[in-house]
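The sequence and structure are shown first, and the description follows.

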Amino acid sequence: MATTMTTTLDRSTRAAARGLSDISIRNLFIIPTVLFLIVFNIFPLIYSLGYSFTDFRASTNAPANFVGLQNYRDLLNDPYVWSNFAITAKYVIVSVVGQLLVGFGVAMLLNRDIPLKGLITTLLLLPMMLSMAVVGLFWKLLYDPSWGVINYALGLGNFEWLADPKMALYAVALTDIWMWSPFVMLLSLAGLSAVPKHLYEAAAIDRAGPFYTFFRITLPLVAPILMIAVIFRTMEAFKTFDLAYILTSQPTAELISIRLYKMAFQEWQTGRSCAMAYIVLIMVLAITNIYVKYLNKVKER
């Protein structure tokens, strides 16, 4: 016997006594959220888009003049900007690949019955719960050539990690790997726990080796979760600002977000910086779209 859904509340409830229906209650929760998103997200997005077509400078009282696509053309023809994009791409690759390897490797080690597993997992999650500024200052002390622990442990003497043009970017990436590998580990543990145990039992009966079991069972079934982790971490790594800004001032570690900050708040090229922000947004969306398409292909297998 078919049942029909009602849109009114139980008459004995306080909301019903006030004459509120289910739709009214829903709107009371949804409308403030929508207004909040419009005011703090959508409106600034549209407002900055308008400024990206002007020569506006926030440091002066001069009116904003419409210049069309000139800001975009200047940025896309600027070799210095493309150098920042290349540095950012290198940073994203090193950081995300490092997080994927470390996080998934630790998850594989924890995916078994070991003493104090819950406590160990909780302690490993602590880095991602810290503030970016705190992590940056903490690792800046660790990298210090005079009293830093890293040089002492590796026997490198007074090696300048953050002042060396060749190592500064990798030092920032290493810090990011330490901080966000637990995020990949957490998602990987969820994926590993969802793998059916009977598949491993069948592989053991067929005398399959550990490499065959890993590449034929574990990795294919966990791949969708890993792709989700890669999508999130790629977007966040592309927007990294705090760590790189706090740790080093080397030009070889100047990410595109730092260049955007300098353009907006040091050079006061407000219109051009808005155009730069939209270029970065479009690139992040394009990369994410590629990842999502590949994720859908992985799920179909």
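Which helix gives the largest share of the lining of the second largest pocket? The answer is H10, from which six residues of that lining come. The model discussed here is a predicted one.

## The second largest pocket

The second largest pocket holds about 240 Å³ of space. Its lining is formed by Met 108, Asn 111, Arg 112, Leu 192, Lys 197, Tyr 200, Pro 210, Phe 211, Thr 213, Phe 214, Phe 215 and Thr 218. Two or more residues of this lining are given by each of helix H9 (197-205) and H10.

Sorted by class, the lining of the second largest pocket comprises seven nonpolar, three polar and two charged residues. Arg 112 and Lys 197 are among the lining residues, and both are of a type that counts as charged.

## The largest pocket

In the largest pocket there is about 600 Å³ of space. This pocket is lined by 24 residues, and those closest to its centre are Leu 260, Ser 273, Ala 277, Tyr 278 and Val 280. The elements that contribute two or more residues to the lining are helix H2 (22-51), helix H10 (210-238), helix H12 (256-265) and helix H13 (270-300). Of these, H13 gives the most, with nine residues.

The lining of the largest pocket is made up of 19 nonpolar residues, four polar residues and one charged residue. Helix H10 is listed among the contributing elements here, and H10 is also listed for the second largest pocket.

## Positive phi in two loops

Leu 116 has a phi near 55 degrees, which is a positive value in a residue other than glycine. Leu 116 lies in the loop between helix H4 (79-110) and helix H5 (117-124). Is Leu 116 buried or exposed? Its relative accessible area is 60%, and Leu 116 therefore counts as exposed, the cut-off being over 50%.

Trp 268 likewise is not a glycine, yet its phi is positive at about 55 degrees. The position of Trp 268 is in the loop between H12 and H13. With a relative accessible area of 34%, Trp 268 is partly exposed, because this class covers values between the buried limit of under 20% and the exposed limit of over 50%.

Methods. Residues are numbered from 1 along each chain as its sequence is written. This is a predicted model: local features need pLDDT of at least 70, side-chain atom pairs count only at pLDDT 80 or more; totals for chains, interfaces and linings use all residues. Side-chain values use heavy atoms; hydrogens and water are left out. On a 1 Å grid over the protein atoms alone, a cavity is a set of points where a 1.4 Å probe fits but cannot get out, and a pocket is an open set with protein on both sides within 12 Å along at least five of seven lines; lining residues have an atom within 4 Å of a point. Grid points are joined across faces, edges and corners, and a volume is the space filled by probe spheres set on the points. Helices (H or I, at least four residues) and strands (E, at least two) are DSSP runs, numbered from the N terminus. Buried means under 20% relative accessible area, exposed over 50%, partly exposed in between (1.4 Å probe, protein chains only).
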